[in-house]
Amino acid sequence: ANAVGDRADGGAGAGTVQVRTGFQPATANDAATGTVLVTFTLNDPAWAAAVAGAKALDVSPAIEAVGVADGTAGWFRMLDSNGATVLDGSVGVTGSGAQLELNTTTISTGLDVSITGGTLTMPAG
């Protein structure tokens with residue numbers, strides 16, 4: 001989990017998260033689909049140290065951004081500061097259990113959106 005999470009901190013600056021409409025591609029190696037609704041700049045480092053194979057996204061200070069398109073969040077793609085894809089995952093509202101939790105999944109142009117939490121869990125073995 002630490003090795004994967006540390007990829008988000010690759011490059012000279014903070015990584016980013018693009019929240020997109022539609023369905024997540026089969027793998028993070030596939031081209032991104034959907035419309036970018038909002039792009040967040042992560043804290044640097046982005047993740048806390050792993051505990052029992054799980055890492056929590058560092059959301060203090062708060063991670064906020066402004067919507068650039070209207071739509072419903074369907075999935076996210078995390079990139080390092082060089083723009084290289086790190087991972088894809090599910091998006092939901094706070095308390096949903098999604099890999100990335102937002103204050104809302106209904107994104108509107110010009111309105112603030114916040115990441116309220118995130119979890120990266122690696123399987124045992």
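This briefing covers the overall build, the strand pairings, the core and a few backbone details of one protein.

The model is predicted: local features need pLDDT of at least 70, side-chain atom pairs count only at pLDDT 80 or more, and totals for chains, interfaces and linings use all residues. Residues are numbered from 1 along each chain as its sequence is written, and side-chain values use heavy atoms, with hydrogens and water left out. The protein has one helix and 11 strands. Both kinds of element are DSSP runs numbered from the N terminus: helices are H or I with at least four residues, strands are E with at least two.

**Overall build**

- Along the sequence, the pattern reads α-β-β-β-β-β-β-β-β-β-β-β.
- The radius of gyration is 13 Å, close to the 14 Å that the globule rule gives for 125 residues, so the protein is as compact as a globular protein of that length. The radius is taken over C-alpha atoms, and the rule is 2.2 Å times the number of residues to the power 0.38.
- The C-alpha trace spans about 40 × 30 × 30 Å along its principal axes.
- Buried residues make up 39% of the 125 residues. Buried means under 20% relative accessible area, exposed over 50%, and partly exposed in between (1.4 Å probe, protein chains only).
- Among contacts between residues at least 6 apart in sequence, 61% join residues at least 24 apart. A contact means heavy atoms within 4.5 Å.
- The accessible surface comes to about 6,000 Å², and 53% of it belongs to carbon and sulfur atoms. Such areas come from the Shrake-Rupley method with a 1.4 Å probe; for residues, only the protein chains shown count as cover.

- Four strands form an open sheet in the order 2-1-6-7, with antiparallel pairing. Two strands pair if DSSP finds at least two bridges between them.
- Strand 2 (36-41) and strand 7 (85-89) stand at the edges with a single partner strand each, so one side of each has no neighbour in the sheet.
- From one strand to the next, the twist averages 20°. Axes are lines fitted to C-alpha atoms, for helices over the stretch in contact, and angles run from 0 to 180 degrees between N-to-C directions.
- Strand 6 (residues 75-79) runs antiparallel to strand 7, joined by four bridges. Arginine 77 has aspartate 88 in strand 7 as its bridge partner.

**Partners of strand 11**

- Strand 3 (residues 54-56) meets strand 11 (residues 112-121) through three bridges, running antiparallel. Here lysine 55 is the bridge partner of leucine 120.
- Strand 4 (residues 63-66) pairs antiparallel with strand 11 over four bridges. Alanine 65 has valine 113 as its bridge partner.
- Strand 9 (residues 100-102) also pairs antiparallel with strand 11, over three bridges. Leucine 102 stands opposite isoleucine 115.

**The core**

- The largest nonpolar core has 25 residues, and Val19, Phe40, Met78, Leu100 and Leu102 touch the most other members. Such a core is a set of buried Ala, Val, Leu, Ile, Met, Phe, Trp, Tyr and Cys residues joined through side-chain atoms within 4.5 Å.
- Not counting residues up to four places away in sequence, phenylalanine 40 touches several residues, among them Val19, Ala65, Leu102, Val113 and Ile115.

**Backbone details**

- The bond from aspartate 44 to proline 45 is cis, with omega near 15°. Proline 45 sits in the loop between strand 2 and strand 3.
- The bond from serine 60 to proline 61 is cis too, with omega near 10°. Proline 61 is in the loop between strand 3 and strand 4.
- Alanine 52 is not a glycine, yet has a positive phi of about 55°. At 82% relative accessibility, alanine 52 counts as exposed.
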